[in-house]
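User: I would like to learn how to read a few local features in a structural model. Could you take me through them one at a time?

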Amino acid sequence: MDDSMYNAILLALLAVSILTFLHLVGSRRRRLPPGPSTLPVIGSVHHVVNTLVHRRLRDLAAVHGPIMMLKIGPTMPLVVVTSRELAREVLKVQDPNFANRPRLLVGGICGYGWADIIFAPTSDYWRKIRKLCIQEVLSPKRILSFQCIREEEVARQVDAIRAAAAAGAPVNLTRMLYDISSRTISRSSFGEVRPDMPVFQDAIKRVIGLSSGFNVPDLFPRLRDVLGELTGMKRKLREIHRTFDAILVDIIDKRRRERAQMVAAGKEVIDENVVDVMLTLQKNDDAWGFPVTDSTIKAVVLVSLLLYYCISPLFFFFIIICDSIPSTKK
């Protein structure tokens, strides 16, 4: 081996040493939060697999403090805060710096290419679709317009309770609350309680299950598609997406036909539910800076239905009770 080869090897070793030293110095300067031990490739994942994640994070926080860092996979750092003061700092004071989130596989397939406000990463599109939902779909005026639906569903459950009391039968309060919230959201979203709603709700449960916890494809973003196929996660999500899409397409097409019939009959078209609102916005999508496609409508409707499972029915029960209290304002 000649001198030039030796010099090349020495230069390579010197470069590796310098880079390693700079990396260590940079890590010290960044003052990264403490955290549990890591392993090659998987990082800190072994601390949270096969456990109740929220309880495991609580136990780790008791050891490493109210702010700690986990390494999810080879490249994804995850900072966990467990104190009220730090949570306020992250979610309120420093919200613009922490608002972004990764593109999860479930959002790409079941979220219509990250078109909704739950799975879409922070971007100009996310800000615009969020503004659309706040001003047009979830505005106080729109929520108030659905009050008659809530009142009708409460009256229906009250009649059911009276019938059960007259017969001396027990009342399942949990089922009653879920029934009220499910029917209210269904009628508010697309104007009816469909016979295939149990199928839709089962698909929502499966989506929540697949989007919760630590899924292998999402831990390795560069290999997400390959690992999604190998683990079978993509196949399951495609099946759920087909269920969602078939029902949502039927809902949108039905409302579109009904609105066209009203126009043909010379009647005024009134936005009675979320699908109606989105169909009206679709005609003037330039006002929002992005095209309001059928996929956008499906994503927004899907979000409203996901609220049924992500938010406790007690929340809707609270809204219903507030509706029933007479206003003291004159």
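Analyst: Let us begin with Trp114, which is found in the loop between α5 and α6, where helices (H or I, at least four residues) and strands (E, at least two) are DSSP runs numbered from the N terminus. This is a predicted model, in which local features need pLDDT of at least 70 and side-chain atom pairs count only at pLDDT 80 or more, while totals for chains, interfaces and linings use all residues. Residues are numbered from 1 along each chain as its sequence is written, and side-chain values use heavy atoms, with hydrogens and water left out.

User: Is Tyr112 buried or exposed?

Analyst: The general idea is a set of cut-offs: buried means under 20% relative accessible area, exposed over 50%, and partly exposed in between (1.4 Å probe, protein chains only). With a relative accessible area of 12%, Tyr112 is buried.

User: How many salt bridges does the structure hold?

Analyst: Side chains of opposite charge can pair when their charged atoms come close. A salt bridge is counted when a side-chain nitrogen of Lys or Arg lies within 4 Å of a carboxyl oxygen of Asp or Glu, and the structure holds 24 of them. One of these joins the side chains of Arg142 and Glu136, at 3.9 Å from N to O, and Glu136 counts as partly exposed at 22% relative accessibility.

User: Which parts does the salt bridge between Lys254 and Glu192 tie together?

Analyst: The closest N and O atoms of Lys254 and Glu192 are 3.1 Å apart. Because Lys254 lies in helix α13 (residues 233-264) and Glu192 in the loop between α9 (173-190) and α10 (197-211), the pair ties together parts that are 62 residues apart in sequence. Lys254 is partly exposed, with a relative accessible area of 28%, and Glu192 is partly exposed at 23%.

User: Which residue forms a salt bridge with Asp245?

Analyst: The partner of Asp245 is Lys298, with the closest N and O atoms 2.9 Å apart. Asp245 lies in helix α13 and Lys298 in helix α15 (residues 294-310), so this pair ties together parts that are 53 residues apart in sequence. Asp245 is partly exposed, with a relative accessible area of 21%, whereas Lys298 counts as buried at 10% relative accessibility.
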